[in-house]
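Biologist: Could you take me on a close look at the nonpolar core of this model, and at the aromatic rings as well? I would like one connected account, please.

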Protein chains: 2
Amino acid sequence: MVDYVRDLQNRICLALEKSDGRARFESKSWQRDGGGGGESRILEGGKVFEKAGVNVSVVHGQLPAMIQKKFGSSSTEFFATGLSLVLHPVSPMVPTVHANYRYFEQPDRAWFGGGADLTPYVWSEEDFRHFHRVHKEACDRNSLELYPRYKAECDKYFWNEHRGEARGIGGIFFDYLSEDLDKTFHFVRSCGDAFVESYVPIVERSKNKTHTDRQKKFQLLRRGRYVEFNLVYDRGTLFGLQTKGNIESILMSLPPVVNFDYCADMETNEEEKTLTACFRQPRSWL
Amino acid sequence: MVDYVRDLQNRICLALEKSDGRARFESKSWQRDGGGGGESRILEGGKVFEKAGVNVSVVHGQLPAMIQKKFGSSSTEFFATGLSLVLHPVSPMVPTVHANYRYFEQPDRAWFGGGADLTPYVWSEEDFRHFHRVHKEACDRNSLELYPRYKAECDKYFWNEHRGEARGIGGIFFDYLSEDLDKTFHFVRSCGDAFVESYVPIVERSKNKTHTDRQKKFQLLRRGRYVEFNLVYDRGTLFGLQTKGNIESILMSLPPVVNFDYCADMETNEEEKTLTACFRQPRSWL
């Protein structure tokens, strides 16, 4: 998995640089006090991407007792590796995307987790369907049961309980896949390999579109909900903070500029209403 | 306590409107599904205050099992009332402030909690000392032991563990004060009554000062740390989200515009270095 995520990081960064057309990823290696480290690739101030991070981590050591208890393992020893990316485009016409594929190992068991989800700021059914279709195809190559299951898991996971709404229009999400690790690794690679195809065509279609001030404002407000989800609920973020991971890599997921208004109206027009309805009531895209 | 916090809300809002000189607080009452409600007073787009909320809540009902367990009570019934305010000024020259005074009651016990803390973006020892001095005097009127104890509690509470730094330069903080409720209520009123005197003179001294672009940027980045604290650690926020409180009143505390940069340099000059050192290593101000 370590070789795979490193190669995937290279492939994804190349594709994104090509799509951005101006900025380059900067690489920053970091060491973790408790063992291991990682490599963050960050692009800021791009033509398309305002803040993009594609990180690889390969860490090991001892789990905090609280997390060990939650995992139900007899040991605190762990090894974990994965790729995690969050891309925040400048334009509200281009959706934010997140993907993460990871492998976790303890002396008594090992499992894979991961997924990808899209957070759009304007309505574009073609793009939403494309993102889901590409991930469905990646799942289908392994088993036809996977997409429906992990699509539903994704809707459940990326849920801002206090808002009663999803973070975006979903994708796929799975965790604790500990059976038949070879087969599962194959599945994880299918998903990871599908990322560029699932997202870059959407960027290409939307990156040169013009937008209104209100569309920009809506993006800044929706980014606030993104922050709420990541800091209040996201397991990966909380795990990272609790295990003293690399703070900057963990919080790289937060959008660069965010608005938090009091009682913000998120349904000022038909487009916002349609989009908000999809966040409140996740639907099928295929 | 209900009458007290309502009166205090009026007094504070009047003082802040006078200091702002342009905007007015708008009142918004809300009901809580599980019982009770509250009144939010919000001022946005002021001359001095970009986003200010002074809220009163009077709620009752049943606690979620998780919180009951934490409180160690034999009952899920609760009644709670309090005033909570967060003021985010436009200018980085004017510090952000938070204060909260609350009373909590269950069938088998009752307690008070509260405090006030200052989050500055520029160095102003005179102001930091003033804020602490006024709160010390309020504490001292009740017992000389209180300020040192609650100043230390405040430094401990408003702590971003993952950053290894405080949210600001502290103030006072106390919780679960369940002994001698009459005397404690008197103490809480001393603190609440001191709020205007602790903060408004600082606003008056700083509100017309000019600032640099970098000072504004530093404010936007420090506001990011404010968001991190409130969403990851703040008991009041998490309690509110878990008990299905009024979301907009709870998250009113989040700053209106925030920046999250990757590996932001928070020590680009001597002033930032001095301020950051105080966040990392809380010190005595008196």
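Modeller: Happy to! The largest nonpolar core has 57 residues, and Leu87(A) and Tyr199(A) have the most contacts inside it. Such a core is a set of buried Ala, Val, Leu, Ile, Met, Phe, Trp, Tyr and Cys residues joined through side-chain atoms within 4.5 Å. Buried means under 20% relative accessible area, exposed over 50%, and partly exposed in between, with a 1.4 Å probe and protein chains only. Helix α5 of chain A, residues 181-206, gives this core its largest share, 9 residues. Helices (H or I, at least four residues) and strands (E, at least two) are DSSP runs, numbered from the N terminus.

Please keep in mind that this is a predicted model: local features need pLDDT of at least 70, side-chain atom pairs count only at pLDDT 80 or more, and totals for chains, interfaces and linings use all residues. Residues are numbered from 1 along each chain as its sequence is written, chains are lettered from A and ligands numbered from 1 in the order in which they are written, and side-chain values use heavy atoms, leaving out hydrogens and water. For chain A, the average pLDDT (the predictor's confidence in each residue, from 0 to 100) is 95, and 100% of the residues score at least 70. The complex receives an ipTM of 0.92 and a pTM of 0.93 from the predictor.

Back to Leu87(A): leaving aside residues up to four places away in sequence, its contacts include Leu16(A), Phe49(A), Val54(A), Val97(A), Phe195(A) and Tyr199(A). Contact here means heavy atoms within 4.5 Å. A second, separate core has 56 residues, among them Val94(B), Ala99(B), Phe195(B) and Leu275(B).

Now for the rings. Over all chains there are 46 aromatic pairs. Rings of Phe, Tyr and Trp (its six-membered ring) pair if their centres lie within 6.5 Å; planes under 30 degrees apart count as stacked, over 60 as edge-to-face and the rest as tilted. Tyr157(A) and Phe158(A) are edge-to-face because their planes stand at 85 degrees, with the centres 4.7 Å apart. Both Tyr157(A) and Phe158(A) are buried. In chain B, Tyr103(B) and Phe112(B) have centres 4.9 Å apart and planes at 50 degrees, so this pair is tilted. Tyr103(B) is buried at a relative accessible area of 13%, and Phe112(B) is buried at 3%.

One aromatic cluster is formed by Tyr4(A), Phe79(A), Tyr103(A), Phe112(A) and Phe185(A). Over the face of Phe185(A) lies Arg189(A), 4.1 Å from the ring centre.

Terms used: Lys NZ or Arg CZ within 6 Å of the ring centre and 35° of its normal.
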